[in-house]
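Biologist: I'm new to this one, so please walk me through it.

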Amino acid sequence: MTSKDERESAEDAADVRVGESESDAAPSVTAASDDAAPEPAATEPADSEPADSEAADAEAVPAAAADEPAAKPRGANALLLGAGAVAVVALIFAVWFGVGWISAAGDDDLSVDRARDEVSRVSEAAVVTLNTLDYRQVDRDLDRWAAASTGQLLDDINNDRASAKTTIEQGKLITTARVLKSAVTQLNDREGTAQVMVAIVRDFTPDGGAPETAYLRVQGALARTETGWKLSNVGSVDFAPPGS
């Protein structure tokens with residue numbers, strides 16, 4: 001073999017080795033590319049973020065719940081509501097009872113005041129009636145006496161009517177009276193009784209004589225009847241006239 005042939009043979013052998021080297025390298029490139037392909041899976045940490053977020057939320061919920069006041073049992077709420085309702089009702093009742101009591105007390109006071117005024121008015125008129133006489137009209141005056149009286153006083157007027165009429169007519173008596181002052185000294189509106197004191201001045205004129213004046217203080221008892229207050233008893237005492 002010539003040196004030319006030896007050189008060509010050496011080049012061919014080199015080419016063969018290069019080809020084998022390239023063919024051997026190809027699988028490693030392929031394998032490398034196959035191994036590199038799954039690299040996109042490295043994005044999995046992005047998927048793990050929701051899990052971490054959920055875990056964070058789960059931890060935050062108990063913390064937030066811890067800030068909220070613990071809910072009371074349903075039974076306790078119902079009990080509190082019931083107690084509140086009872087308190088409101090009790091308050092309304094107390095207010096109503098208080099107003100009712102004040103109103104009733106005011107009504108009682110008003111009733112007593114009215115009764116006192118009525119007793120004062122009736123007693124003054126009755127005392128004047130019992131001290132007014134005119135022998136020319138004895139029956140009329142004695143009827144007025146009876147109309148203003150009740151109880152024992154009325155019985156006395158009726159029983160003594162005949163004798164009183166004779167005395168008045170024979171003495172030709174004429175008397176008139178007027179009230180100076182009066183006071184209700186006692187009043188029991190429930191039982192319908194009262195006591196009065198009435199100061200009067202009475203003018204007495206005998207037949208053919210000069211008028212005479214007398215000052216009297218009349219103590220009277222009154223009783224309430226179906227037709228109103230009336231005198232049930234009277235008594236009189238002299239007293240000094242005003243300014244004397």
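Biologist: Which residues lie nearest the centre of the largest pocket?

Modeller: Leu130, Trp145, Leu153, Ile157 and Val234 do, out of 18 residues that line the largest pocket. A pocket here is an open set of points on a 1 Å grid over the protein atoms alone, where a 1.4 Å probe fits, with protein on both sides within 12 Å along at least five of seven lines; lining residues have an atom within 4 Å of a point. This is a predicted model: local features need pLDDT of at least 70 and side-chain atom pairs pLDDT 80 or more, while totals for chains, interfaces and linings use all residues. Residues are numbered from 1 along each chain, and side-chain values use heavy atoms, without hydrogens or water.

Biologist: Which elements supply at least two residues of that lining?

Modeller: The helices are α3 (74-130), α4, α5 (151-159) and α6. The strands β4 (212-225) and β5 (228-238) each supply at least two residues of the lining as well. Helices (H or I, at least four residues) and strands (E, at least two) are DSSP runs.

Biologist: How does the lining divide by class?

Modeller: Ten of the lining residues are nonpolar, four are polar and four are charged. Asp, Glu, Lys and Arg count as charged.

Biologist: Changing topic, how do α4 and α5 cross?

Modeller: Their axes (lines fitted to C-alpha atoms, angles from 0 to 180 degrees) come within 9 Å and cross at roughly 160°. That makes α4 roughly antiparallel (over 145 degrees) to α5.

Biologist: Which residues meet there?

Modeller: From α4, Leu142, Trp145 and Ala146 meet Leu154, Ile157 and Asn158 of α5 (heavy atoms within 4.5 Å). That contact has five nonpolar residues, one polar and no charged ones.

Biologist: And at what angle do α4 and α6 cross?

Modeller: Roughly 135°, with the axes of α4 (residues 138-147) and α6 (residues 161-171) coming within 10 Å.

Biologist: Which residues of α4 and α6 meet?

Modeller: On the α4 side they are Val138, Asp139, Leu142 and Asp143, and on the α6 side Arg161, Lys165, Ile168 and Glu169. By class, the contact of α4 with α6 has three nonpolar, no polar and five charged residues.

Note on methods:
Parallel < 35°, antiparallel > 145°, perpendicular 65-115°, else oblique.
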